[in-house]
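Let's take a slow walk through one protein model, a few spots at a time. Keep the picture open while you read.

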Amino acid sequence: MGLSQTDSPILNNRWSDEVNGMENGGKVQAAETILSMENITKIYSNGFIANKNVNFELRRGEIHALAGENGAGKSTLMKVLFGEEQCEEGRILYKGKEVKIDSPLSAIKMGIGMVHQHFMLVPSMTVAENMVLGLEPEKAGFLDKEEAKKRTREVSEKYGLEIDPDARIRDLSVGLKQRVEILKALLRGADILILDEPTAVLTPQETVEIFQELKRLKELGHTVVFISHKLGEIKEICDRITIMRDGRTIDVRMVDEVSEQEISRLMIGRDVLLKTDKTEAKPGSAFLSVKNLNYTDAAGQKILNEINMTVRKGEILGVAGIEGNGQNELSELVTGMKKNRSGQILIDGEDISRKSVREIRELGVSHISQDRMTYGVVADAGVADNIMADRYYRKEFKKGVLLNRKKICKETDQLILEYGVKCDDREQPVRMLSGGNMQKVVVAREFSSDPKLVIANQPTRGIDVGAAEFVHKKLLELRDKGAAILLISADLTEIINLSDSIVVLHDGAVAAYFEDAKTIDPVELGEYMLGIKKMSREQIGGAVHEQ
Ligand SMILES: Nc1ncnc2c1ncn2[C@@H]1O[C@H](COP(=O)(O)OP(=O)(O)OP(=O)(O)O)[C@@H](O)[C@H]1O
Ligand SMILES: [Mg+2]
């Protein structure tokens, strides 16, 4: 059922009230409690208690961080608030009155909007069509495209968030898709906007932009819930923080009065090393060699241009760059997921041009893809099947022609324990896990296959600080065992902390090479990433080592 026109907040003029509020009072004071969730207990159908007596309170006009380790219950609590999940106990007070939020539609009617951890747009449709989905302004039974476009333009102008109403969702960058999600919620009159890990998928530039957008929303009197594992971002943009652990609220603080170290201690229950200690690398011969690699996509756009680089055994080569400069294509070409390129890719001296993804894996290559939902996991399959997907056919897991279930189970359970995957048991479908725990399933599989080459594309995306510390330690362990590691990350701190050498990709070409990552000045690195500076061919040539 769609919203009828009279229900539409736009036509009800809710916005003009806000604007008047601005004129009268200037900046809205962040004092009045707009919403409180009291003693919320949420039990999933399998009996799992994801929220236990949680209290959560929002003040009008604040940006409120919700933090906690993977599986702490953050998304669940927000789904309860958005009416997507029903709680077993507790109550919600909105503007002083107890309310029942039994569906997203009733949340939207009240002025609560949510942008999910995994987006929910229809890729084949245009921005305007997605914007009005569910509240379609119909003309004689047909979707009125002009009206949809008009409304999209109105809301985009009002909030200063530029978007092309005619663009197809599938052609938009992640940052723009997210902007559509935010506009969609605003079009429906969201006073309270819940953003579930909005920056996990953004480039640093897009993050700067969304922060400006959030500040503007705050000025207009909107209240924002901001879920993130990036403590620096929380410090930068949020006013208060609620910290959850194991389904409970641990603490609520003013962000100014709590350090990053303290936040992570409250989240994890122990001290976390926010910076990884590492020993000097002892690089051996080249294991992955990329020679004059060119790649043009299906639309005829040149994505990679004459890439030359090597990753040696026992080193971590970091690829720094703003997302969308060819990093994903590079990792997909090396792992055989993309073909049709010119140039050469050698793994352990073997040309991989005619090899399948599986044959390449069998050379000892493991791959953490940046898009875990599409390439990393089979959401409906269980944790065990996902972890063992790459090896169940091996001899060691067979008993004659049959699978050796017992051995498979034992190995899976051990990996679940070692990687701290929070799940009921090994058979639980992966779609029931929290976002960060899905990522841990991928990491557990890819790191435990005794790899000789690891292509780690955004390995810590969406995982909490404690788990990120663990992944970093594991990467270094693999390096010290002699694996060659190609680390791609949008997180500059991660790249600088972990890499032994660094290449910078800009516009599909190598813009710089630093043999010794320790000597790098982050500002200079940024200049190469943005294309302000480029090294000479000779300097870049250093990125190529002998086999
Ligand atoms: N549909 C479901 N059925 C059963 N259990 C679920 C379901 N959805 C989530 N859970 C469990 O509830 C717990 C909390 O999950 P939730 O998604 O709220 O965590 P989160 O704090 O958002 O974590 P992350 O930081 O990884 O996104 C997890 O252990 C998860 O496995
Ligand atoms: Mg979550």
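Does D507 count as buried, exposed or partly exposed? With 16 C-beta neighbours inside 10 Å, D507 counts as partly exposed. Here is the rule: a residue is buried if 20 or more other C-beta atoms lie within 10 Å of its own, exposed if 12 or fewer, and partly exposed in between, with the C-beta atoms placed from the backbone.

Before going on, some ground rules. This is a predicted model, in which local features need pLDDT of at least 70 and side-chain atom pairs count only at pLDDT 80 or more, while totals for chains, interfaces and linings use all residues. Residues are numbered from 1 along each chain as its sequence is written, and chains are lettered from A and ligands numbered from 1 in the order in which they are written. Helices (H or I, at least four residues) and strands (E, at least two) are DSSP runs, numbered from the N terminus.

D507 sits in the loop between β23 (501-506) and β24 (509-514). Its phi is near 50°, a positive value in a residue other than glycine. N292 isn't a glycine either, yet it has a positive phi of about 40°. You'll find N292 in strand β13 (residues 286-296).

| Residue | C-beta neighbours inside 10 Å | Counts as |
|---|---|---|
| D507 | 16 | partly exposed |
| N292 | 11 | exposed |
| T33 | 13 | partly exposed |
| V454 | 25 | buried |

V454 belongs to strand β21 (residues 453-457). Leaving out residues up to four places away in sequence, V454 touches S366, E446, L478, A483 and I485; two residues are in contact if their C-beta atoms, placed from the backbone, lie within 7 Å.

Now look for strand β10 (residues 223-227). Five of its five residues are buried, so β10 is largely enclosed by the rest of the structure. T223, V225 and I227 point one way, and V224 and F226 point the other way.

Which strands pair with β10? Two strands pair if DSSP finds at least two bridges between them. Strand β3 (residues 63-68) pairs with β10 in the parallel sense over four bridges, and I63 stands opposite V224. Strand β9 (residues 192-196) also runs parallel to β10, joined to it by five bridges. There, L193 has V224 as its bridge partner.

**An open sheet**

Next comes an open sheet of four strands in the order β2-β1-β4-β5, with antiparallel pairing. At the edges stand β2 (49-59) and β5 (97-99), each with a single partner strand, so one side of each is left without a neighbour in the sheet. On average, neighbouring strands of this sheet are turned by 25° against each other, direction ignored. For angles like this, axes are lines fitted to C-alpha atoms, for helices over the stretch in contact, and angles run from 0 to 180 degrees between N-to-C directions.

Strand β1 (residues 33-43) and β2 pair in the antiparallel sense over seven bridges, and I40 stands opposite V54 in β2. Helix α2 (residues 74-81) packs on the sheet, touching β1, β2 and β4 (89-94). The direction of α2 makes about 65° with that of β2.

T33 is found in β1. Not counting residues up to four places away in sequence, T33 touches E57 and R59.

**Helices to look at**

Helix α15 (residues 435-447) and helix α16 (residues 465-480) pack at an angle of about 10°, with their axes 12 Å apart. They are therefore roughly parallel to each other (angles under 35 degrees count as roughly parallel, over 145 as roughly antiparallel, 65 to 115 as roughly perpendicular and the rest as oblique). From α15, the contact is made by G436, K440, V443 and F447, and from α16 by A467, V471, K474 and L478.

Last stop: helix α10 (residues 327-334), which is mostly covered, with seven of its eight residues buried. Among the buried ones are L330, L333 and V334. After α10 comes G336, whose phi is positive, near 85°.
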